[in-house]
Amino acid sequence: MADFPRALIEFQRRFPDEPACAAYLAAARWPEGFRCPVCRHDKGWALGAAKPLTHECAACGRQTSVTAGTVMHGSKLALTVWFWAAYLMATHSNGISARQLQGQLGLGSYKTAWLLCAKLRRAMVAPERNPLAGIVEIDETTMLYRTSDAPVAGGRGRSSQGKMLIAGAVEVEDNRPGRLRLAAIKDFSAASLHAFVKGNLAPGATAKTDGWPAYEGAPGVAHDPHVIGPMAAHIVLPWAHRVFSNLKRWALGVYHGLRQKHLQSYLDEFVFRFNRRRSRHSAFRSLLGIGTTLRPLTYQMLIRPETTG
Ligand SMILES: [Zn+2]
């Protein structure tokens, strides 16, 4: 849709209330007009004020919700809240934390805001996404994590701080960055790094590294090691280094440091925004689950991400 709002004020005019959001969802679901999912009949109508999200088939009477299959389905929150949250998350170049979202949208509780963010964030990894191809810079880094409510930069000493290990891969084409992948890894061993390469690079891609021996023999890819002193790594792998420094600045600026438990979901958020930096509209739609099918989520799955596989 070419007329996606680029400014907050436009967004507010475009989606002022539930019927406006519902109409957008109906247009996304039925771009050529209503079509009954049961009998394929092409005539139906939106039910009135009592059920504004529901369309009824004129032939068989089957009722279909415009939110079916999206992250909004079954939610008690207004569509306008979902739309605003997805818009802010998709268009803010730094994203938005649950705490900021709570304030911006006037949500009643932090838990509501956190769940909203967590559900939107779940849509940030497309299950069928294609692996990286061509020349791919690969590097690894460490990052301090925060514990409980202590920010990492709070000067509280290092005793409560530990390090998280992260692997990154950036496609490079004509000296410009393409798509990005980041993963939390448990160590810098060959096993961990080979698994990262295997999971994120297409067969035949070229892995460009700083010559760390653990990359040697990574399966299915050509290896292009540049053995150098640590000071020059940013010259050989400029995009990987820029991504890591942006990631660290973002983590401190938006979240005051990341928590170890949810590290991968924050990395996914960073990657999602990076990879859609030129297509905010598709980012907005992906976040809401428009045009995709999402598994239903429980609160337990969100607060214990390791149980979801
Ligand atoms: Zn029907």
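Helices (H or I, at least four residues) and strands (E, at least two) are DSSP runs, numbered from the N terminus. Residues are numbered from 1 along each chain as its sequence is written. This is a predicted model, in which local features need pLDDT of at least 70 and side-chain atom pairs count only at pLDDT 80 or more, while totals for chains, interfaces and linings use all residues.

**Exercise 1. The whole chain**

Find how many helices and strands the protein chain has, and what share of its residues is buried.

Solution. Start with the secondary structure: the protein chain has 11 helices and 9 strands. Next comes burial. A residue is buried if 20 or more other C-beta atoms lie within 10 Å of its own, exposed if 12 or fewer, and partly exposed in between, with C-beta atoms placed from the backbone. Of the 309 residues in the protein chain, 31% are buried. Finally, look at contacts, meaning pairs of residues whose C-beta atoms, placed from the backbone, lie within 7 Å. Taking contacts between residues at least 6 apart in sequence, 56% join residues at least 24 apart.

**Exercise 2. A sheet of strands**

Work out the strand order in the open sheet of 3 strands, and how the strands pair.

Solution. Two strands pair if DSSP finds at least two bridges between them. The order is S1-S2-S3, with antiparallel pairing. Strand S1 (44-46) and strand S3 (63-65) are at the edges with a single partner strand each, so one side of each has no neighbour in the sheet. On average, neighbouring strands here are turned by 25° against each other, direction ignored.

Now follow the pairs. S1 is joined to strand S2 (residues 54-57) by 3 bridges, and Ala 46 has His 55 in S2 as its bridge partner. S2 and S3 are also antiparallel, over 3 bridges, and Glu 56 has Gln 63 in S3 as its bridge partner. S2 and S3 form a hairpin with 5 residues between them, and Gly 61 in the turn has a positive phi of about 80°.

**Exercise 3. A covered helix**

Describe helix H3 (residues 79-91): its span, its burial and its packing partners.

Solution. First, the span. H3 has 13 residues and reaches 18 Å from its first C-alpha to its last, close to the 18 Å expected at 1.5 Å a residue; the expected span is 1.5 Å times one less than the number of residues.

Second, the burial. H3 is mostly covered, with 11 of its 13 residues buried; among them are Trp 82, Phe 83, Trp 84 and Tyr 87.

Third, the partners. The buried residues of H3 pack against helix H1 (8-14), helix H2 (18-29), helix H4 (98-105), helix H5 (110-122) and helix H10 (280-288).

**Exercise 4. One residue up close**

Is Ala 86 buried or exposed, and which residues does Ala 86 touch?

Solution. Ala 86 is in helix H3. Ala 86 counts as buried because it has 23 C-beta neighbours inside 10 Å. Not counting residues up to four places away in sequence, Ala 86 touches Leu 120, Phe 284, Leu 287 and Leu 288. Leu 120 is one of the buried residues of H5, and the buried residues of H10 include Phe 284, Leu 287 and Leu 288. Ala 86 and Cys 117 are 31 residues apart in sequence and 8.6 Å apart in space, C-alpha to C-alpha.

How values were computed. Contact = placed C-beta atoms within 7 Å. Axes fitted to C-alpha atoms, helices over the stretch in contact; angles between N-to-C directions.
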